[in-house]
Amino acid sequence: MEIVHQLQLERGTSISSLLMGMRNCGFGARRLSEAMAIYEEMLSIDGTKFLTISGAMVPAGMREIVSHLIREKHVDVLVITGANLVHDIIESFGCHCLGSAESDDAALREEGKSRIYDVFLRDEDFAAFEELMQRILPDTDKVLSGRELMTILGSQIEDQRSILRSAYDMNVPVFCPALPDSMIGLQAWMYSQTKKLTVDAFADIKEMVDICYACQRAGILIVGGGTPKNFALQSMLLSPRSFDLAIQLTTDTPENGGLSGATLSEAVSWGKISEQARFVTVYGDATITLPLLVAGTLEGLEKRGINE
């Protein structure tokens, strides 16, 4: 039986050293340390690296962590919510503002501001987003997949820090399985009323299944849960393999049966994750756990001269 080691902090302690020290602690500290060990292996293997993102990660300030991972070739497949991509596009020309979660929401509406917890957006940024979308959406006779549409949009964004632009530059496929449930979907539908734009909602499934089928080894980092998590995991069901490495960062718990709180062990029962896989769920706000996980992992790899 291993004993708990009391965590020691020294002046200049690095993030990777801090997380390594947490492996001999209990509770969430140990889980985050295990996540770093798994993520180091995931980024080091000759395999396919999946990243899924849900929740308001871009509005909260996590955008450039994702684009950095893409540009450093640490992401082979991205599955993300339409809302995060909406905010990614807005960040390419505008900004999100810090406010208060205790604000008077009726007063905010009068001021032309929308609130996401303690982050505000202005109506003029949404109006500029709508104008931009109407300029960059394609007018084509070709039936597009959702992934193809994301590639086209990414090619039209000039901001190099953009998730969509980074994915376009690095040839990383971006899947948005619930695209209609976003302002991109709404704008695309409005555009299609007067221009030629048709998106095949099922075409992404074939491409994603083909990617999963071609995997020799596969690892997945799940931020939040929701549709992106399920789209990636379910696609592996049609391949002869399962995910070998898996990390989930979530605030949800499994008792209510929701997917975002479903344990990765439960996914083993479905055949989505291998029985021999290394996996861990880290419970906590992903705006805290994701930066720590990524910074600690990349720092550790750099110290060992791996992948950096």
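Modeller: Here are questions and answers on salt bridges, a cavity and a surface patch.

Modeller: This is a predicted model, in which local features need pLDDT of at least 70 and side-chain atom pairs count only at pLDDT 80 or more, while totals for chains, interfaces and linings use all residues. Residues are numbered from 1 along each chain as its sequence is written, and side-chain values use heavy atoms, with hydrogens and water left out.

Biologist: How many salt bridges does a search of the whole structure find?

Modeller: A salt bridge needs a side-chain nitrogen of Lys or Arg within 4 Å of a carboxyl oxygen of Asp or Glu. The search of the whole structure gives 19.

Biologist: How many residues apart in sequence are the parts that Arg71 and Asp169 tie together?

Modeller: The two side chains form a salt bridge at 2.8 Å, N to O. Arg71 belongs to helix 3 (residues 63-71) and Asp169 to helix 8 (residues 163-169), so the pair ties together parts separated in sequence by 98 residues. Helices here are DSSP runs of H or I with at least four residues, strands are runs of E with at least two, and both are numbered from the N terminus.

Biologist: Is Asp159 buried or exposed?

Modeller: Asp159 bridges to Arg161, with the closest N and O atoms 3.3 Å apart. Buried means under 20% relative accessible area, exposed over 50%, partly exposed in between (1.4 Å probe, protein chains only). Arg161, at 46%, is partly exposed. Asp159 has 12%, so Asp159 is buried.

Biologist: Which residues are linked with Asp159 in a network of salt bridges?

Modeller: Arg161 is one of them.

Biologist: Which elements give two or more residues to the lining of the largest cavity?

Modeller: On a 1 Å grid over the protein atoms alone, a cavity is a set of points where a 1.4 Å probe fits but cannot get out, and lining residues have an atom within 4 Å of a point. The lining includes Tyr39, Met42, Lys49 and Phe50. The elements asked for are helix 2 (27-44) and strand 1 (48-53).

Biologist: What accessible area do Leu186, Trp189 and Met190 have together?

Modeller: Patch residues have over 30% relative accessible area and no salt bridge, with nonpolar side chains (Val, Leu, Ile, Met, Phe, Trp, Tyr) joined within 5 Å and like charges within 9 Å. Met190, in helix 9 (residues 183-192), is partly exposed at 41%. Areas come from the Shrake-Rupley method with a 1.4 Å probe, and for residues only the protein chains shown count as cover. Together the three form a nonpolar surface patch of about 330 Å².

Methods. On a 1 Å grid over the protein atoms alone, a cavity is a set of points where a 1.4 Å probe fits but cannot get out, and a pocket is an open set with protein on both sides within 12 Å along at least five of seven lines; lining residues have an atom within 4 Å of a point.
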